[in-house]
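Visitor: I would like to learn how to read a few features of a protein model. Could you walk me through them?

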Amino acid sequence: MMEYGEFVLPGFCGPPGIHLCLDGFRLIYVLMAVFMWAVSGVFSRKYMAHYEKKGRFYLFFWLTFLATLGVFLSADLYTTFIFFEIMSFTSYVWVAFDERKESLRAAETYLAVAVIGGLMMLMGLFLLYHLLGTLEMDKLHQAALKVADKRQLYLAGGLLLFGFGAKAGCFPLHIWLPKAHPVAPAPASALLSGILTKSGIFGIIVISCQIFTADIFAGDGSWGFLIAVLGTITMFWGAFLALFSIDLKKTLACSSVSQIGFILVGIGMYGLLSAAGENPSIAARGTFLHMVNHSLFKLVLFLCAGAVFMKLHQLDLNEIRGFGRKKPVLKFCFLMGALGITGVPFWSGYVSKTLLHEGIVEYQMILAEQNMPSELLSGSAAGIMAWIGNPAVWKAAEWIFLLSGGITAAYMLKLFVAVFVEKNPKRQSEFDAMKMSGTAVILIPAVFLPVLGSLPSVTMDRLADLGQSFFRAEEMEHAVDYFSMVNLKGSLISLFIGLILYFVLVRGLLMKENRYEDRLPRWFDLENSVYRPILQVFLPNLFGLLCRILDSLTDGLILLARKTTHRQLKEKVYVNEENKAAVIIGGFIDGWHLLLFKFRGGSKKGLKAPKSCIPELKQEERLFLLVGKMVDESFSFGLLLFTIGLCATLGYLLFAFLV
C-alpha cells in the first residue's frame, strides 16, 4: 500500500503503542468522516435544539469522531482494536441518549454485541500475534506466508471476523441495527449506519486481503466463499426485513444491513477471483465504491427521516403519510438517496452495484472455462470445493443479488410514496402548512449522488484508483462501459422485480383498509426469539445445573475424604468436661446470678434459684470446637485441590512448551 505518511506513539496503551498511517483508502475515508460529521453537526444544531442534555450528545459526538478517525488511520490491528473499543463505548451514549425504556433496551443490545465482539476480536489478535509475530497491516501478508499450519490462521481469522462483523452488521450479528437506529437521534443514526459500520468492513478487508490470499492458501477459496455466503444472506435478509417494516428509521436500518451484505459479497468475490488466479480488481473497486456510496446514501436518508421526526415526533408510515407532499427540498433530497441506493442508472449506486454484479458474472464465466473443483481441492474439503466451483451456485447467487436489488427498489418506493405522494386522511392540511427549516444542508450530499453517477469515469473510477491499493488489487485490465446494454440489463431486472413486489406485495398483501400493516412474524426477531432466551434463560439454567452438580460432587469428595484420608476423631475429643475456661466463666456468671437473686430476696418471695449456665457454655464450646475443626479441614482440603490444579496447569504449560 502506498503511504503518504505515518505517526508512531510508542508505549501508549501498552508496549505496541499507537501506529497511524495515511494512504489513498484511508485518506478518502478520513475525508468522508470529516464531511459526514460536518453535515450531521450542522443539522444537529436544529435537531437537538429542544433537547435538555444536548451538551452530553455533543461531547460523545466528537469523541466518537476522534475514535473513528483512529480506526481508519490505524496501521496495525492493535491500534485498530484500541480505537474500535473506544468508538463502541462512546457511540453507546447515542443509542441510550433519551433514556426511554426502549432506548435503554436497544443500547443494552448494542453494548452487548459490541463487548462480545470486542472480546472475540481480542482473542483473535492474541492468536494472530502468536502465529505471525506482528499485527502491522503491511507485514501481515509476508508473515502469513511463513505459517506452516494454515488451520490456525482460519481460527484467528474467524475470531476477528466475528468481532468486525458484529460492528459491520453482518448476519447473524446484525440485531443491533434495527433496534439502535429508530431510538438514536437522527444525526447519530446517519453516522452509525453510514460510517461506523464501515469500521467493521475495514477490519474484514484487512484480514481478507492481507492474510487469506491465493498465494498463502494455494488457490483455496474457502475464506472468500465464507464471506460471500455471509454477504448473500445478510444482503437478502436485511432487504426482506426492510420490506415488511412500517417504521421509517427502522426500514432504513434494515436497509443498512442489506447494503452491508452487498459490500461483503464484493469482498467474498475478491477472494474467489483471487483464488481462481484472476485479477480481482473489479470486485475490489465495487466493494470500495459501494462503501463510499452507502455512507452518502444513509447520510441523506437518515437526515431526511430526522427532518420528519423534528416536526411530527413520529416515524410510523401511517402517521407521517403525506408529510412531504409540499416540501420540495426534502422531497428532492430523499428522492436522490432513494434512487442512489436502489441502483438506478445515472446515480452513484448504479456504478458500484454494476461492478459487484460483474464480479459475480466474471466468476461464473471462469467456472465455465475451467474445471474449478479439481483445481481448488488442495487445502479444503472436497464438499466445500464442489460448492465453490459449481456454476449453478453462483447463478443462484446472482439472482439473489438481483432480487435483493429489487426488494430495495420496492421498500424505497414504499417509503417515498407514503411520505411524499399519498395524502394523510386526517392531517394533510396541517402537514401542508408546516414550514421546513434546517434541511438545506442535506442538499450537499444529495447532489453528489447524481453527479457521481452521471460521470463515473471522471469521478467514481478515480476514487476507486485511490482506494484499490488497500485491497492489494492490480490495475483494471480494461475500462468498464457502465452504460452498455449488458450492464444496464442487471439494473433493469432489479427495477422490474421491485415494481412487481411493490404492487403485488406492498400494495396488496401488506396493506389493509388503506393502512400499512406490519405482518412480519415476531419470531423473525432473532434477538427476542433466539439470543435473549439463550443468554438469559438457557445458559443460566444450564450453568446453574452444572454448578449444582459440581457442588454436590465437591461435597461428596469432602465426605469421602473425611471417611478416608481426613478421617475425624471421635466426638468425645471435642467435649472436654473439665474445661477450665467454661467452668471459670460459668462459675463467675452463676455467682453473679446467685448474688442478684439473694439481693432481690428471691428465696423469701418463693422464686426458684437460677440455673447454672455452665452446661450451655459447654455446649457452645463443643459447637465452637466442631466448627473450627471443620473450617480447618475444609481449608486443608481446599489447599490440596489448589495444589492439584496448580500441578495440572504447570504440567500443561510444560507439555505445550516441549511440544
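Visitor: How many disulfides does a search of the whole structure find?

Guide: Let's begin with the general idea: a disulfide covalently joins the sulfur atoms of two cysteines. Please keep in mind that this is a predicted model. Searching the whole structure turns up 0 disulfides.

Visitor: Are Cys254 and Cys304 buried or exposed?

Guide: Buried means under 20% relative accessible area. Cys254 has 1% relative accessibility, so Cys254 counts as buried. Cys304, at 2%, counts as buried too. Across the protein chain, 52% of the 659 residues are buried.

Visitor: How many helices and strands does the protein chain have?

Guide: You can find 25 helices and 4 strands in it.

Visitor: At what angle do the axes of α6 and α10 cross?

Guide: Helix α6 spans residues 150-168 and helix α10 spans residues 222-244; their axes cross at roughly 20 degrees and come within 12 Å. Angles under 35 degrees count as roughly parallel, which is why α6 is described as roughly parallel to α10. The crossing is right-handed.

Visitor: Which residues make the contact?

Guide: From α6, look for Tyr154, Gly157, Gly158 and Leu161; from α10, the partners are Ser222, Trp223, Leu226, Ile227 and Leu230.

How values were computed:
Residues numbered from 1 in each chain as written. Predicted model: local features only at pLDDT ≥ 70, side-chain atom pairs only at ≥ 80, totals over all residues. Heavy atoms only, no water. Helix = DSSP H or I, 4+ residues; strand = E, 2+ residues; numbered from the N terminus. Buried < 20%, exposed > 50% of the residue type's maximum accessible area, 1.4 Å probe, protein only. Disulfide = S-S within 2.5 Å. Axes fitted to C-alpha atoms, helices over the stretch in contact; angles between N-to-C directions. Parallel < 35°, antiparallel > 145°, perpendicular 65-115°, else oblique. Left-handed = near helix turned anticlockwise from the far one by under 90°. Contact = heavy atoms within 4.5 Å.
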